[in-house]
Amino acid sequence: MAKYMSVDTLKWLLNDVHNVKELFKYERFADYDEDSVNILLDSAKSWADQEFFPIFREMDENPCTYEDGKVTSHPNLRRIIETAGRDGWLGSTFDYDDGGTQMPHLVSNALNHIFQTANNHIPGYMGLTTGAADLIRTFGSQELKDKYIPKMIGGQWGGTMCLTEPQAGSSLSDITTSATPQDDGSYKITGQKIFISGGDHQAVDNFVHLVLARIDGAPAGTKGISLFVVPKHRITDSDELEYNDVFTAGDFQKMGQRGYATVHLVFGENKDCVGHLVGEPHKGLKYMFQMMNGARIDVGMTAASTATAAYYASLKYAKERPQGRKIENSGKKDPNAGQTLIINHPDVRRMLLLQKAINEASLSLLFETAKLVDLAHVEEGDTASNHHLLLELLTPIAKTYPSEKGQEAISNGLQIFGGYGFCMDFPLQQYYRDIRIMSLYEGTTGIQSLDLLGRKVTMQNGAALHLLMEKINEVTAEANNHEELKPYADKLMKAVGHVQSALAYLLPMGMKGDYESFLADATEFMKMTSNIVIAYHWLKMATRAKHALVTGDTTYKSNFYENKIHTMKFYYKYELPHARASLEVILNNEELTIVKEDREIFA
Ligand SMILES: Cc1cc2nc3c(=O)[nH]c(=O)nc-3n(C[C@H](O)[C@H](O)[C@H](O)COP(=O)(O)OP(=O)(O)OC[C@H]3O[C@@H](n4cnc5c(N)ncnc54)[C@H](O)[C@@H]3O)c2cc1C
């Protein structure tokens, strides 16, 4: 079987870089230890080898189909989801009392990485079910919990998030799906939701849709949005399933993730769609943010994992494809000199290192966010709030960097295949198409960037940024203990200064109320900040690797650690300097993108 990920790198990130052990001292996670986590990772890998990877190409070549209100996905999907339920992969992070195994999110994210690298079309079905069940668990009544959660995390029923409507994508304040109160305390739901991932297929017996809608007479805007549980089949008093007037009007045919159904749902066409309010009225968007934030980290993970699988495919090809001669031989023009493998060409090595640099640091960043979720949960008071605050800051970056730079990584992987990369017989084109959605759904890059600059950076007077600075200071202080790493610690601190310069320029505009100028280049700010956050992760990884080499406390061969330091140096030479270019864009006060009423630019 082709290699699609590195278990060694995964375990190293988990154990050495992100110190998963630290979590086991908390009572919540006391049943876990390093050995049990390693066993979980190994069994996830063998399940992924058996069930996920072998159907990755098939799911693209035979995408989901739609006929007569029904969507059909890959025939193996039912078995996979049933196994996920039976073996406790779904809901693993839930409390024991709620049917879970209190697994740290850090560990469940590592497992997700394995599944996503093997086949990025499948884990979304499971992740959304877990996320929807978690939302009911956190905000729902006991009755809703008892009725829905066991079947969801048992793998019999699927869960979805239903936000988007034809006229309301990025801007949820415009949703119009309505909820009319009934005498029995339920609501009649009417409206349409589009682009609903995993919203219908034959692999489960029922769907539990988490739907954003407006109760009749609710205030306009986001403050009038409530959250409802709307099953496709409602449960009768005699425990039977009865059609709940949720019609599947179509399945979107897509350029990528073609085995992952994306459906159009019509609620209440016959005025018989019953929904149940979750929590209090008008607080739906706030509740939904719990699921959206989790899903954003999942999307980042899907992107990083898809790009990782593409990297290993291109690495294999580069090691097998002979073409041209080494530069040192080509000058001699000796036609008898043998061809070299393309992996020996500096430009091909650059493309491989670029992929590795983007992917491994993306994974490290995603693990940092997962550990923050765990720490925010088990800690208390200010410590918990600080973890939460840092998580809020890093979430848009952890969604956006792997999605945007993962595309670049895969594009470089495809380039390594030369013309074959463009051909359907080779796998890179599929990874290239699959990853394209990541910067679109769960909030586009533009929206994530507005969130980062307009909300996250400024919240609580920049408190989250201070927390990030503390982390960066810790890493640079540690790096400064090693002569070899000192220059990189210096470079990182200089780059951090770019963020400060950008904010010194931008924030006064925001304070003056000139929001359009303040936020016009939010995407450039995201590019710069995420570049620097990734540089911090590379220094962190290099410092751990150096520490292992110096102390001899190594699990792998020394080459493993040296390669991590080498990739860090690559990142600092080839990628970090782009942060300076982004700063120049931000500081340039020419306003070329802001609408000027008196000029038509795009004629
Ligand atoms: C395959 C797939 C699966 C999906 N799964 C789900 C799902 O499970 N549940 C669900 O509810 N939705 C889902 N979606 C919907 C997805 O989240 C939206 O498509 C996305 O949020 C963008 O909304 P839109 O398509 O309406 O684009 P628009 O909001 O119309 O955006 C178009 C462009 O304008 C930009 N833009 C919009 N507003 C602003 C602004 N204020 N400032 C700057 N730029 C702006 C955007 O960045 C984008 O580039 C899915 C979509 C797809 C394609």
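Does phenylalanine 367 count as buried or exposed? With 25 C-beta neighbours inside 10 Å, phenylalanine 367 reaches the cut-off of 20 or more and therefore counts as buried. The model discussed here is a predicted one.

- Phenylalanine 367 belongs to helix α11, which covers residues 346–378.
- Between phenylalanine 367 and glycine 406 there are 16 Å from C-alpha to C-alpha, and the two are 39 residues apart along the chain.
- Threonine 395 is part of helix α12, formed by residues 381–416.
- Threonine 395 has 24 other C-beta atoms within 10 Å and is therefore buried.
- In sequence, threonine 395 and glycine 294 are 101 residues apart, while their C-alpha atoms are 8.8 Å apart in space.

**Surroundings of the ligand**

- There are 21 residues around the ligand, and those that come nearest are Leu163, Gly169, Ser170, Phe195 and Gly446.
- Two or more residues of this shell are given by each of the elements β3 (157–162), β5 (187–197) and α14 (445–456).
- Sorted by class, the shell consists of ten nonpolar, nine polar and two charged residues.

**Helix α14 and aspartate 451**

- Helix α14, one of the elements that contribute to the ligand shell, also holds aspartate 451.
- Aspartate 451 is buried, because 21 other C-beta atoms lie within 10 Å.
- A stretch of 54 residues in sequence separates aspartate 451 from isoleucine 397, and the C-alpha atoms of these two residues are 9.9 Å apart in space.

- Helix α18 runs over residues 522–551 and has 30 residues.
- From the first C-alpha of α18 to its last, the helix reaches 43 Å, which is close to the 44 Å expected at 1.5 Å a residue.
- Of the 30 residues of α18, 24 are buried, so the helix is largely enclosed by the rest of the structure.
- After α18 comes glycine 552, which has a positive phi near 75°.
- The axis of α18 comes within 9 Å of that of helix α20 (residues 577–587), and the two axes cross at roughly 155°.
- Because this angle is over 145°, α18 is roughly antiparallel to α20.
- The crossing in which α18 passes α20 is left-handed.

**Two glutamines with positive phi**

- Glutamine 257 is not a glycine, yet its phi is positive, at about 45°.
- The loop between β10 (246–251) and β11 (262–267) is where glutamine 257 lies.
- Glutamine 257 counts as buried, because it has 26 C-beta neighbours inside 10 Å.
- Glutamine 460, although not a glycine, likewise has a positive phi of about 45°.
- Glutamine 460 is placed in the loop between α14 and α15 (463–479).
- With 11 C-beta neighbours inside 10 Å, glutamine 460 is within the limit of 12 or fewer and so counts as exposed.
- In summary, glutamine 257 is buried, whereas glutamine 460 is exposed.

Notes: Residues numbered from 1 in each chain as written. Predicted model: local features only at pLDDT ≥ 70, side-chain atom pairs only at ≥ 80, totals over all residues. Near = placed C-beta within 6 Å. Helix = DSSP H or I, 4+ residues; strand = E, 2+ residues; numbered from the N terminus. Nonpolar A, V, L, I, M, F, W, Y, C, P; charged D, E, K, R; others polar. Expected span 1.5 Å × (residues − 1). Axes fitted to C-alpha atoms, helices over the stretch in contact; angles between N-to-C directions. Parallel < 35°, antiparallel > 145°, perpendicular 65-115°, else oblique. Left-handed = near helix turned anticlockwise from the far one by under 90°.
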